[in-house]
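Colleague: Could you walk me through the ligand site? I'd like to go over it with you.

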Amino acid sequence: MKTSAFEAYHSHLQRAAQILRLSKEDIARLREPDRSIIKTLVVERENGEKVSLPAYRVQFSNARGPYKGGIRFHPEAGLDEVKALSAEMAIKTAVVGIPFGGAKGGVGFDPKGYSKKEIEKVARAYVRAFAEDIGPDKDIPAPDVYTNPEIMQWMRDEYEKVIGRPAPAAFTGKPVEAGGSEGRDTATADGAIFVLEAYLKKKGLMDSTTKRVAIQGFGNAGFNAARVLRNLGYTIVAVSDSKGGVHKPSGLDPEEVNRVKEEGRSITELYCKGSVCDAKKLSDDHANVITGEDIFGISCDIFIPAALGGVITGENAARVEASVILEIANGPTTPEADAILEERGIVVIPDVLANAGGVAVSYFEWLQNKKGEVWSKEEVRKRLKETMEHAFGEVFARAEKEKVSLRDAAYAIAFGKLLAAPLGKK
Ligand code: NAD
């Protein structure tokens with residue numbers, strides 16, 4: 001049976017507990033969230049139909065600061081997944097050393113089947129349902145899968161209506177013109193690349209043989225990573241989305257792929273219309289169209305999962321042809337896959353470090369809102385680079401010292417910080 005996301009968290013906890021020699025009591029404290037709140041949102045659709053949607057907010061830990069974490073709108077958003085993601089947020093904020101805890105939210109529905117007006121109603125209903133539980137010093141939500149800056153702005157507006165006063169710091173990931181931070185849109189990809197390059201430098205691998213990249217997922221995180229890496233001289237040899245992908249060893253142009261995506265088409269349509277592909281163009285470009293599963297076996301130096309959780313599994317880990325996996329998606333590698341990759345000498349730069357740039361810049365946004373400041377893009381980038389490189393240095397040193405994986409080292413560091421925090425012994 002497939003390991004659930006929350007079981008995967010417990011597996012990481014067990015491994016880190018051995019490194020830290022944690023007592024049973026400490027392990028018990030780190031196993032479950034502080035609170036899981038489940039509500040039902042009743043929303044009237046444009047045709048007059050009333051739907052009841054399950055809504056979640058899981059507050060994992062505020063030992064190190066206010067709860068913090070995104071809200072996901074997805075048909076499969078359920079309690080197990082939201083609990084796992086809330087735990088990962090608590091780990092992430094501790095790994096990068098920002099004074100927040102961890103939380104996550106979700107609404108179980110498919111936003112692709114809803115109009116913009118209806119999505120706004122869901123967003124506002126979510127805030128009314130959880131208004132008592134969130135707030136700038138209590139629990140600060142942000143965007144996640146299928147939520148975005150505009151939705152954060154609706155949520156902030158609804159929250160301010162409920163409490164009757166301005167509260168810009170109650171949500172992060174807002175549009176820049178509405179109190180959001182410069183650089184938040186590219187923060188996750190930028191942060192991941194700062195960490196990747198710090199790793200390659202440490203290993204003396206910053207030469208041409210380490211520059212071929214394959215990316216699964218071409219949304220906000222995947223596209224920005226592809227664009228920045230290409231500008232840095234890396235070759236993007238393959239990318240995929242939910243419909244399949246393209247492999248082009250001489251290198252794809254991320255901007256060209258993005259143009260196709262922006263037109264609402266899939267990546268394979270760079271070469272194909274439906275199931276009919278342009279054989280001459282493919283041959284001229286020495287390219288081929290691949291399935292979603294093929295992306296795992298592409299010969300490359302760096303593989304970046306930037307789509308969904310649980311995609312690198314016990315079944316496909318043996319086919320991975322990269323030497324480094326940079327986890328931009330949350331939880332892309334199952335514990336079974338981790339063991340196989342470790343045995344094969346494939347280094348995994350874990351999500352709780354690699355994708356923490358998003359929450360780091362969320363913290364910068366919160367600080368700017370609290371202090372009434374506006375930082376430039378350059379300032380945000382400089383602070384992000386310092387934050388990510390410092391966190392990487394700590395994780396790398398711990399992994400070397402304990403002779404463990406970067407993931408185990410990151411979790412050990414985070415659990416140590418959580419247990420040492422004033423409320424951590426609660
Ligand atoms: P997004 O919704 O913008 O993009 C998701 C992409 O994944 C799309 O290109 C979609 O086509 C693709 N996809 C969906 N199913 C797929 C499949 N089966 N195979 C291949 N591709 C598939 O989301 P995003 O913001 O880019 O986030 C991507 C991942 O990164 C998620 O796991 C998210 O939790 C994680 N993450 C994002 C941020 C952020 O700031 N954006 C921060 C931390 C973690």
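Colleague: How far does a backbone N or O atom of A221 lie from an oxygen atom of the ligand?

Modeller: A word on the source first: this is a predicted model, where local features need pLDDT of at least 70 and side-chain atom pairs count only at pLDDT 80 or more, while totals for chains, interfaces and linings use all residues. Residues are numbered from 1 along each chain as its sequence is written, and side-chain values use heavy atoms, with hydrogens and water left out. For G219, a backbone N or O atom lies 3.1 Å from an oxygen atom of the ligand. For A221, that distance is 2.8 Å.

Colleague: Happy with that! How much of the ligand does the protein bury?

Modeller: I328 also takes part, with a polar backbone atom 3.4 Å from an oxygen atom of the ligand. Taken alone, the ligand exposes 830 Å² (accessible areas come from the Shrake-Rupley method with a 1.4 Å probe; for residues, only the protein chains shown count as cover). Of that area, the protein buries 79%.

Colleague: And which residue's side chain makes a polar contact with the side chain of D241?

Modeller: D241 is found in strand β7 (strands are DSSP runs of E, at least two residues, numbered from the N terminus). D241 counts as buried because its relative accessible area is 10%, and buried means under 20% with a 1.4 Å probe, protein chains only. The polar contact (a pair of N or O atoms within 3.5 Å; within protein, one must be able to donate a hydrogen and the other to accept it, and residues adjacent in sequence count only if both atoms are side-chain atoms) spans 2.9 Å, and the partner is K261.

Technical notes:
Helices (H or I, at least four residues) and strands (E, at least two) are DSSP runs, numbered from the N terminus. Buried means under 20% relative accessible area, exposed over 50%, partly exposed in between (1.4 Å probe, protein chains only).
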